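Biologist: Please take a close look at one part of this model, the open sheet, and then at what surrounds it. I would like one connected account.

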2 protein chains.
Amino acid sequence: MIMKPIKLIQGSVTAPSGFSAAGCHVGIKKKRPDMALLVSDQPATAAGVFTTNQVNAAPVKLCREHVKYACKGILVNSGNANACTGQQGMQDARDMAVAAAEALSCKPENVLVCSTGTIGVMLPMDTVKAGIPKVAAELQYDAGEIFAKAIMTTDAYAKHAACELDIDGTTIRIGIAAKGAGMIEPNMATMLAYITTDAQVDVESLHSCLKHAVDKSFNRISVDGDQSTNDTVLFLANGAAGGPALSTDHPGWGDFCSAVEQLCMDMAIKIVADGEGATKCVRVEVHGARNDEDARTVARTVARSLLVKTSWFGCDPNWGRVIDAVGYSGAEIDENKVDIGYDDCQAVLNGMRSSTPLSELETVLKQDSFTLKINLNLGQGSWFIYGCDCGYEYVRINSEYTT
Amino acid sequence: MIMKPIKLIQGSVTAPSGFSAAGCHVGIKKKRPDMALLVSDQPATAAGVFTTNQVNAAPVKLCREHVKYACKGILVNSGNANACTGQQGMQDARDMAVAAAEALSCKPENVLVCSTGTIGVMLPMDTVKAGIPKVAAELQYDAGEIFAKAIMTTDAYAKHAACELDIDGTTIRIGIAAKGAGMIEPNMATMLAYITTDAQVDVESLHSCLKHAVDKSFNRISVDGDQSTNDTVLFLANGAAGGPALSTDHPGWGDFCSAVEQLCMDMAIKIVADGEGATKCVRVEVHGARNDEDARTVARTVARSLLVKTSWFGCDPNWGRVIDAVGYSGAEIDENKVDIGYDDCQAVLNGMRSSTPLSELETVLKQDSFTLKINLNLGQGSWFIYGCDCGYEYVRINSEYTT
């Protein structure tokens, strides 16, 4: 599907009207910013999508409860994941919501809380509680980029974007900020993303829009195949732009959802490209599968294969490793029908080496990004995901740190 | 289950009576041995277990046909996998069997053929055909270790073992030779293993014994989570020792199967320890799962996790990555019941950090081998597998080669 291009604007989660943000260092980490706050002037409609990991952090559990209510603000700490922390961790997450609610003059259930960092260590709650009024005192209407920086962990750069679109003559804005996947010191990293809009959207429609966008973007990336205990994507709609109430049956709904999806995809690709130690971002496209589920299985298996990922790092058009992964993926295949190409260069035709000179394939592999195309030639199923390579830097980052 | 210790003897696949072997360089590779032959004086009962990869090599397809017949000999070439080679590759595998049959004065269906090496390149059949009489001329009754060396690819050392046991007053012998898993230059490596015995065993019993032993050994190792197109384990029984005909209802059957299983496990652990670039061999034990299948899922997910493997390389008792993998494995778990330990040091109790000092855990992780124990505390299901770490050397081997 070709989507209508969006009109990008400067800014981040505070680009839409009525949102303020802040970020600062309160002492959970040694030096870098470790607390961020995002606030809506008027309580906003909220929707959330969370990790499906059966081991999930206390703040994820709390968000699942609180996301049912209107949201005044989102409090994020980095440096400590508040995961595997039992009853005490749950109480700590609740206490964070209580302290933030006090600072924002709302009820605790109107606050969403996220944590990212070390697993299995209790939060330093004195530090956290002392930090909350401090970060709240720094709220600004143009601090979206400060927020995006404060949620970073090992991300090399802040990830944010914003766009505007016209719906029924009203200009509405959408902003997004995200932090990366892949492992971080000292423990599990987390994919966190926050989307804001000044459109007015009912809660069911907002959730449906978010779910769709996440399925098409954040669920289409693979850095190391591991899923964090804290992955969270939240979407707030505060209606501050005025204009029509949007819902699934509004004529502008498609454009709105498309814009959200494109912003999410922009963040997703940046997360992969900024994957720890990654030197390449590879789009793995699977076509001709018996169904979409099979195509997804093949795409994920190939993008997760350590042998494939190391061959990408070596700029090696090693299609043998690709077809091997296709073969053990579990999807239905016929090895004599499999085609494999890198960008527009055919590498495999009917399960056998094509006549394309190796040097041409190598030229594609030497790029920072390329598309690996796999056609099973069995049906109409298709899928794509974005993956990255695995090189020395990945090993260094993930092995040299000792807790 | 505690198994009866086996009586190890010197030797390899030619330790049992009536087996001869050879290995030499015929020119598929530049310098190193690239052809091996294993022959039974009298046609032997044969059983085989093969890769379940839907993409599988021509010799695997041929073996599946020929293993139904009595086996006179097994011909192995290294340097070329004869995989993804279409109809021509199938014909080449058949021609190898024909040429070997000629040299051994038997029918082609009495020959089994294995290949390992580059995927997607046609075998140099003139070289192969010229080499077969050469290797056949070098057959010797004590050349089992030469055979074990000739099937090596990037293995650091030859892997073989032999044992003997008394059944009804007759001494019977079992020999084994194997080559390693993990990637090799330039393409997909293959796990190959050959077992010989001079016991007399009927074909159904032999297959049942082999299947059980492989499930308990070679199917319990994970080097990089990728499954080759050529994996093959073959078992020949020639009856040369005389003595009773063994079958599943013979009183000595349990001892026989136990000996085969222990030899296979010895090879499997050597394959993991010799995994490309591996510095550690880790036994991942899962207990207390709802059932064995869930335990297996958890064990495989943990042993395959790139984040877990890099933490092992870094000697980092990073149980957060372990419990994270447990959580996304798909097996039923309750995060508040999960216990994790390294050897006898408890790291996690009821899903939370235990009081064991970090230094004690680190001491365990610094060993060349240790056991990671995961207890889900939900039921009676258990499983174990052997995995290895992932470090710089793995990345170097698998990325620096360019086809």
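Modeller: Two strands count as paired if DSSP finds at least two bridges between them. The model is predicted. In chain A, seven strands make up an open sheet of mixed pairing, ordered β10-β18-β13-β17-β14-β15-β16. Its edges are β10 (221–222) and β16 (352–353) of chain A, each of which pairs on one side only.

Helix α6 (residues 253–273) lies across β10, β13 (281–289) and β18 of chain A, at about 45 degrees to β18(A). Helix α8 (residues 306–313) lies across β13, β17 (369–375) and β18 of chain A, and its angle to β18(A) is about 60 degrees.

Next, the contact with chain B. Here 63 residues of chain A touch 62 residues of chain B. The two chains, A and B, bury about 5,000 Å² between them, with 54% of it on carbon and sulfur atoms. Two salt bridges are found across the interface of chain A and chain B. Lys61(A) forms a salt bridge with Glu335(B), with 2.6 Å between the closest N and O atoms. On the side of chain A that touches chain B, at least two residues each come from α8, α9 (319–328), β16, α10 (358–365) and α11 (392–400) of chain A. That side of chain A comprises 25 nonpolar, 25 polar and 13 charged residues.

Key:
Residues numbered from 1 in each chain as written. Chains lettered and ligands numbered in written order. Predicted model: local features only at pLDDT ≥ 70, side-chain atom pairs only at ≥ 80, totals over all residues. Heavy atoms only, no water. Helix = DSSP H or I, 4+ residues; strand = E, 2+ residues; numbered from the N terminus. Contact = heavy atoms within 4.5 Å. Axes fitted to C-alpha atoms, helices over the stretch in contact; angles between N-to-C directions. Buried area = accessible area lost by both parts, 1.4 Å probe. Salt bridge = Lys/Arg side-chain N within 4 Å of Asp/Glu carboxyl O. Nonpolar A, V, L, I, M, F, W, Y, C, P; charged D, E, K, R; others polar.
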